[in-house]
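Subject: Handover of a structure and its findings

Dear colleague,

Please find below the structure that I am handing over to you. My findings follow directly after it.

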Amino acid sequence: MTDFHPARHRMIPAQRWFEDFVVGERFVLPSRTQTSAVFAAFQTASGDTHPVHYDVEYCRSRGMPHLLAHGFQTLIHTAPGAGLFPFMVEESLVGFLEQSSRFLKPVYADDTIYPALEVIELVPGRTTGAVTLRSTVFNQRKELVLEGLQKFLIRRRPA
């Protein structure tokens, strides 16, 4: 390969700008099984030491089938960096503006979750635009366990 150049070494061949996004467009993120290792890593990173997240007997004595995932443990799997979105906006992303979420059903150890992001609103500005993504996480039983919003400021295509 004699024409190699680092600037062309990209996950996504074409840069996307605000105008390139379409309401309804989906970005699927990798599914993940919430193993005991994921629980341990999240406990270490978060510092959350409540036994509902790491003591299975504590959970069972309170009627839960297994360890209960912390809400943020579920939420982190909606990070756009787990998918292709940030590679699409490497040059156009100005910033992450806002995030909200609702936790609708419990996630337990050994559940597999399926996160995705969907463009639900595009608000153009003069030189930038706000892209709002609906975040969803389903479990292996096809139950919606989390939904929320993420908003990004994206540059418009240069003249």
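A residue is called buried when its relative accessible area is under 20%. In this model, which is predicted, buried residues account for 36% of the 159 residues in the protein chain.

As to the overall architecture, the protein chain contains 4 helices and 6 strands. Read from the N terminus, the order of these elements is β-β-α-α-α-α-β-β-β-β. Along the principal axes, the C-alpha atoms of the protein chain fill a box of roughly 65 × 40 × 30 Å.

I also looked at how the protein chain is connected. Of its contacts with a separation of 6 or more, 71% are between residues 24 or more positions apart.

Glutamate 25 is placed in the segment before strand S1 (26-28). Which residues is glutamate 25 in contact with, leaving aside its neighbours within four places in sequence? They are Arg16, Asp20, Leu117, Glu118 and Val119. With arginine 16, glutamate 25 forms a polar contact of 2.7 Å between the two side chains.

With kind regards

Terms used
Residues numbered from 1 in each chain as written. Predicted model: local features only at pLDDT ≥ 70, side-chain atom pairs only at ≥ 80, totals over all residues. Heavy atoms only, no water. Helix = DSSP H or I, 4+ residues; strand = E, 2+ residues; numbered from the N terminus. Buried < 20%, exposed > 50% of the residue type's maximum accessible area, 1.4 Å probe, protein only. Contact = heavy atoms within 4.5 Å. Polar contact = N/O pair within 3.5 Å; in protein donor to acceptor, adjacent residues only side chain to side chain.
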